[in-house]
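Open your viewer, keep the sequence panel beside it, and let us walk through this chain together. At each stop you will get something to select and a short note on what is there.

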Amino acid sequence: MTQPIHWNAEALWEAIAPQLPGFTVEVLPSIDSSNTELMRRARDGLTDPVLLIAEQQTQGRGRLGRNWVSGVGDSLMFSLGLPLAPRDWSGLSLAVGVSVAESLQPHLPAAGRAPKIGIKWPNDLWLEGDRKLAGILIETASFVGTHQHDMSAPRYVVIGIGINVRPRPGDGMRTAPACLQELDMALDAPTALACILPALVAEVQAFAQHGFAPLLPRFAQRDLLAGREVNLSDGTSGMAEGVAADGGFMVRTATGLQAVTSSEISVRPASSPLQK
């Protein structure tokens, strides 16, 4: 029998409510997708700040529509929804990735050694450079009466994060996914969430004020692809040269330096066990 999970929702609320007036915390035992639920609510005009924790998702979604399915306690799955009006939305997924990676591994190793948790552009965290640990999915909805093409207007943003907590099967992958218990056997989903959430909210609010550019040095410390040969899903290949101030992925191709910004383009090293 599955043991109940103790999320300590009151402590989570107390940590965040001063930063987000009107903030609430909800825990659902099962739902199709926490992101889908908050987007449904936003379309119905419910746009207060909320943390929605899903103990199980039956139709969890990753990037490009990929499924994220997990048993109770095997993964940490949550969505943070809040109104946001950044000057530029570009690079938000990278800012989120930096925040989560730093919360889970606050101290970088000595110079010359790679961090255990790195960021694979645009929205994945990887453990020790070759296995996926977490995914980020960001969606936005216009407020009622807001012109959808006015990028300066406030929007409701839903930041969905899924992190493997316990070992899970590889499902045909060349290497099995990574999990938090490889970092620390004592880590469970509630402990990881309590570690991640306050810094995440603060980082998102800072992003709204200053954009991604101030995060460039911190991202570069965990950039898994910089200096590696990469193949793009559109057939282009080249050398990864980090990211631009707007979070665009920079690739040196045969025709010159190319900025990749499309969410429909995936990136993988040309010769590596990394999986998309």
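Before the first selection, a word on helix axes: they are lines fitted to C-alpha atoms, for helices over the stretch in contact, and the angles between N-to-C directions run from 0 to 180 degrees. Helices (H or I, at least four residues) and strands (E, at least two) are DSSP runs, numbered from the N terminus. This is a predicted model, in which local features need pLDDT of at least 70 and side-chain atom pairs count only at pLDDT 80 or more, while totals for chains, interfaces and linings use all residues. Residues are numbered from 1 along each chain as its sequence is written, and side-chain values use heavy atoms, with hydrogens and water left out.

**The whole chain**

Start with a cartoon view. The chain has five helices and 12 strands. Of its 276 residues, 50% are buried, where buried means under 20% relative accessible area, exposed means over 50%, and partly exposed lies in between (1.4 Å probe, protein chains only). Now think about contacts, meaning heavy atoms within 4.5 Å. Among contacts in the chain with a separation of 6 or more, 67% are between residues 24 or more positions apart.

**First helix pair: α1 and α4**

Two packed helices are described by the angle between their axes and the distance between the axes. Select residues 9–16, helix α1, together with residues 189–210, helix α4: their axes come within 10 Å and cross at roughly 20 degrees. That makes α1 roughly parallel to α4, since angles under 35 degrees count as roughly parallel, over 145 as roughly antiparallel, 65 to 115 as roughly perpendicular and the rest as oblique. The crossing of α1 and α4 is right-handed; a crossing is right-handed if the near helix is turned clockwise from the far one by less than a right angle, and left-handed if anticlockwise.

Which residues of α1 and α4 make the contact? Show side chains for Leu12, Ala15 and Ile16 on α1, and for Leu193, Ala194, Leu197, Pro198 and Val201 on α4. In the contact of α1 with α4, eight residues are nonpolar, no residue is polar and no residue is charged. Here Ala, Val, Leu, Ile, Met, Phe, Trp, Tyr, Cys and Pro count as nonpolar, Asp, Glu, Lys and Arg as charged, and the others, Gly among them, as polar.

From α3, the contact takes in Leu92, Ala95, Val96, Ser99, Val100, Ser103 and Leu104; from α4, select Cys195, Ile196, Ala199, Leu200, Glu203, Val204 and Phe207. The contact of α3 with α4 has 11 nonpolar residues, two polar and one charged.

**A covered helix: α2**

Next, select residues 34–43. This is helix α2, mostly covered, with eight of its 10 residues buried. The buried ones are Ser34, Asn35, Thr36, Glu37, Leu38, Met39, Arg41 and Ala42.

**Along strand β6**

Stay on β6 and pick Arg131, which lies in this strand. Is Arg131 buried or exposed? Arg131 is buried, at 16% relative accessible area. Leaving aside residues up to four places away in sequence, Arg131 touches Leu125, Trp126, Thr175, Ala176, Pro177, Ala178 and Glu182.

Now move to Leu133, also in β6 and buried at 0% relative accessibility. Draw a C-alpha to C-alpha distance to Pro177: Leu133 and Pro177 are 6.3 Å apart in space and 44 residues apart in sequence.

**Backbone stops**

Select Trp121 and Pro122, which are joined by a cis peptide bond with omega of about 5 degrees. Pro122 sits in the loop between β4 (117–120) and β5 (124–127).

Two residues other than glycine have positive phi values to inspect. Asn8, in the segment before α1, has phi near 55 degrees and is exposed at 54% relative accessible area. Glu128, in the loop between β5 and β6, has phi near 55 degrees and is partly exposed at 46%.

**Last stop: cysteines**

How many disulfides does the structure hold? There are zero, a disulfide being a pair of cysteine sulfur atoms within 2.5 Å. Finish by selecting Cys179, buried at 0% relative accessible area, and Cys195, partly exposed at 36%.
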